[in-house]
Amino acid sequence: NIMTTIPLPERCLTLLPPWPQAIRFAGKRIENRSSGVASQAREYRGMVGLSQSKGFTTQYTKDDALAAALETEFMLRNDAEWKHGGLGRHKEWEATAGKLWLVAELVDIARPRDAWKSRWHVPGQWGLMLGRVWEVKPVACMGGQGMWRSQWCSVCKKIIADSHGLVCKRCLTSLSSITLPDLEVVTE
């Protein structure tokens with residue numbers, strides 16, 4: 001068995017569930033964001049790390065219409081994986097909370113008037129259009145708002161958004177944005 005790795009992307013986004021799960025399991029290839037985030041990514045194309053927020057509400061598990069749509073999409077695409085977890089299973093979301101566990105290609109940014117072509121588009125939002133997606137072995141992560149730059153704490157083995165400063169608050173180690181680790185690919 002050859003272990004495949006991918007470099008930790010320099011740029012990342014933090015998402016609330018069930019959106020990382022929809023990207024990974026249901027073919028969602030658009031991340032809806034405000035014009036401010038779209039402008040942060042304006043000139044950037046390439047790999048983007050996707051972390052899942054550590055704190056989140058369970059409002060989506062209570063939204064029957066959303067849960068039904070996600071579950072139907074998931075079951076149509078890959079019934080075997082549905083049996084192992086699924087999008088609407090809150091326990092599965094907890095396993096990846098506070099971790100970076102996806103990497104995606106950012107291939108384009110669509111204005112709201114053009115992003116509507118994706119059925120996952122939210123009216124009025126800009127569409128960060130994603131290409132290939134890799135699930136990686138989850139790594140502890142303190143994410144940030146908007147599109148943030150990744151830093152690495154070599155002592156805590158944790159990804160930390162640049163908005164948290166240049167020193168790890170837990171161990172007081174200087175953070176590196178130059179020496180970033182490779183991530184172990186689980187599946188593409």
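Trainee: What makes E10, R11 and R149 a network?

Mentor: E10, R11 and R149 are linked by salt bridges. Keep in mind that this is a predicted model. Take one link: R11 and E10 have their closest N and O atoms 3.6 Å apart. The cut-off is within 4 Å for a side-chain nitrogen of Lys or Arg and a carboxyl oxygen of Asp or Glu, so the pair qualifies.

Trainee: Why is R11 called buried?

Mentor: R11 has 15% relative accessibility. Buried means under 20%, so R11 passes.

Trainee: And what is E10 called, buried, partly exposed or exposed?

Mentor: Partly exposed. E10 has 40% relative accessibility, which lies between the 20% and 50% limits.

Trainee: How many salt bridges are there in the whole structure?

Mentor: The search finds eight. One of them joins E135 and R24.

Trainee: How do you know that E135 and R24 form a salt bridge?

Mentor: The N to O distance is 2.6 Å. The limit is within 4 Å, so the side chains of E135 and R24 count as a salt bridge. E135 sits in strand 6 and R24 in helix 1, so the bridge ties together parts 111 residues apart in sequence.

Trainee: Are E135 and R24 buried or exposed?

Mentor: E135 has a relative accessible area of 17%. R24 has 18% relative accessibility.

Trainee: What makes E188 and R132 a salt bridge?

Mentor: Their side chains meet at 2.5 Å, N to O. The cut-off is within 4 Å, so the pair counts. E188 lies in the segment after strand 9, and R132 in strand 6, so parts 56 residues apart are tied together.

Trainee: Where does strand 9 pair with strand 6, and what makes them a pair?

Mentor: Two bridges join strand 6 (residues 126–142) to strand 9. The rule asks for at least two, so the strands pair. They run antiparallel. E135 has T187 in strand 9 as its bridge partner.

Trainee: What makes strand 1 a partner of strand 9?

Mentor: Three bridges join them, and at least two are needed, so strand 1 (residues 5–7) qualifies. These strands run antiparallel. P7 stands opposite D182 in strand 9.

Trainee: How many aromatic pairs does the structure hold?

Mentor: One. The pair is W19 with W120.

Trainee: Why is the pair of W19 and W120 called edge-to-face?

Mentor: The ring centres are 6.4 Å apart, and the limit is within 6.5 Å, so the rings pair. The planes stand at 85°, and over 60 counts as edge-to-face, so the label holds. W19 is in helix 1 and W120 in the loop between helix 7 and strand 6, 101 residues apart.

Key:
Residues are numbered from 1 along each chain as its sequence is written. This is a predicted model: local features need pLDDT of at least 70, side-chain atom pairs count only at pLDDT 80 or more; totals for chains, interfaces and linings use all residues. Side-chain values use heavy atoms; hydrogens and water are left out. Helices (H or I, at least four residues) and strands (E, at least two) are DSSP runs, numbered from the N terminus. Rings of Phe, Tyr and Trp (its six-membered ring) pair if their centres lie within 6.5 Å; planes under 30 degrees apart count as stacked, over 60 as edge-to-face and the rest as tilted. Buried means under 20% relative accessible area, exposed over 50%, partly exposed in between (1.4 Å probe, protein chains only).
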